[in-house]
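Please read it alongside the sequence and coordinates shown here.

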Amino acid sequence: MAGARLDLVRFVPSGSSLLVTFGIVVAVGVAYWIAYATPVFAVERIDVRGAPPALSREVTKAIVDVEGTSLVAVDADEVEGTLRMLPEVAGVSVDRAFPHTLVVKVAPERPVAVVRRGETSWLATGAGKVVREIETGTERSLPRLWLARGATIRIGAQIPAGMVAATRALAEAHGAGLGGRVKGVRIAGDELTLVLRRGLELRLGRIADVGMKLVIARKVLGLVDVGSTTYIDVSVPQRPVAG
């Protein structure tokens, strides 16, 4: 038994090692407190990446209050939540670049259409989200969608439900490599037609499998004489028709 007690004694830390361990814990705690509560790592710069200049300025303005706060104390989730409320922000992540920089990586919303109501214009995404009011007559590369004068539009909200199919089709057109060629969209009941800039119609039929229909339409466009063709009908994608 005496031998066993001696063996156990060897595993009991000595007073000096306990003192050293305690000193390390205290030192780490003090270092963390200094980093958290003092200006040693205060935010002096907000580095916004991935956003165009106008949106970058909006992002910086929305979180300018973090300047002067310690990087250690910045609540990244709270900052990201604030920025996700900006209509033009699709996604965001926040990181720290010590000693003094807060890095904000932004994925901006991608507008696919200009929504017009009378003399007022807005940008809308493929999901139908209204991201910004614009000067009428600008953004000429984007197709126009016309709303009734009484339609309600709010920035950050969705366009009228009946028009969301049009913006989704325009987003699919970008994916199929046709986005820059579309001038407008027509919806008649549940039938959808994209009108290209030269007047040719892509008749998509019912609002289903739009992406696949547009891929087929693009292939047909490469096979026909665009100058003498007025429409391509891919409403039945297995049997496309040009006329």
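Helix H6 covers residues 210–221, and its 12 residues should span 16 Å at 1.5 Å a residue; the end C-alpha atoms are 16 Å apart, so the two values agree. The model is predicted. The points below are grouped by topic.

- The buried residues of H6 are Val 210, Gly 211, Lys 213, Leu 214, Ala 217, Val 220 and Leu 221.

**Salt bridges around Asp 47**

- The salt-bridge count for the model comes to eight.
- A network of salt bridges links Arg 45, Asp 47 and Arg 49.
- Asp 47 has a relative accessible area of 12%, so Asp 47 counts as buried, the cut-off being under 20%.
- Arg 45 is partly exposed, with a relative accessible area of 46%, and Arg 49 is likewise classed as partly exposed, at 41% relative accessibility.

**The salt bridge between Asp 190 and Arg 206**

- Asp 190 and Arg 206 form a salt bridge through their side chains, with an N to O distance of 2.3 Å.
- This pair links distant parts of the chain, 16 residues apart: Asp 190 is in the loop between strand S8 (182–188) and S9, whereas Arg 206 is in strand S10.
- Asp 190 is partly exposed, with a relative accessible area of 35%.
- Arg 206 has a relative accessible area of 54% and is therefore exposed, the cut-off being over 50%.

**The largest pocket**

- The largest pocket holds about 200 Å³ of space.
- Its lining consists of 14 residues, of which Pro 52, Glu 88, Pro 111, Leu 123 and Arg 132 are the closest to the centre of the pocket.
- At least two lining residues come from each of helix H3 (53–62) and strand S6 (130–134).
- H3 provides the largest share of the lining, four residues.
- By residue class, the lining of the largest pocket comprises nine nonpolar, five charged and no polar residues.

Definitions and conventions. Residues are numbered from 1 along each chain as its sequence is written. This is a predicted model: local features need pLDDT of at least 70, side-chain atom pairs count only at pLDDT 80 or more; totals for chains, interfaces and linings use all residues. Side-chain values use heavy atoms; hydrogens and water are left out. The expected span of a helix is 1.5 Å times one less than its number of residues. Buried means under 20% relative accessible area, exposed over 50%, partly exposed in between (1.4 Å probe, protein chains only). A salt bridge is a side-chain nitrogen of Lys or Arg within 4 Å of a carboxyl oxygen of Asp or Glu. On a 1 Å grid over the protein atoms alone, a cavity is a set of points where a 1.4 Å probe fits but cannot get out, and a pocket is an open set with protein on both sides within 12 Å along at least five of seven lines; lining residues have an atom within 4 Å of a point. Grid points are joined across faces, edges and corners, and a volume is the space filled by probe spheres set on the points. Ala, Val, Leu, Ile, Met, Phe, Trp, Tyr, Cys and Pro count as nonpolar, Asp, Glu, Lys and Arg as charged, and the others, Gly among them, as polar.
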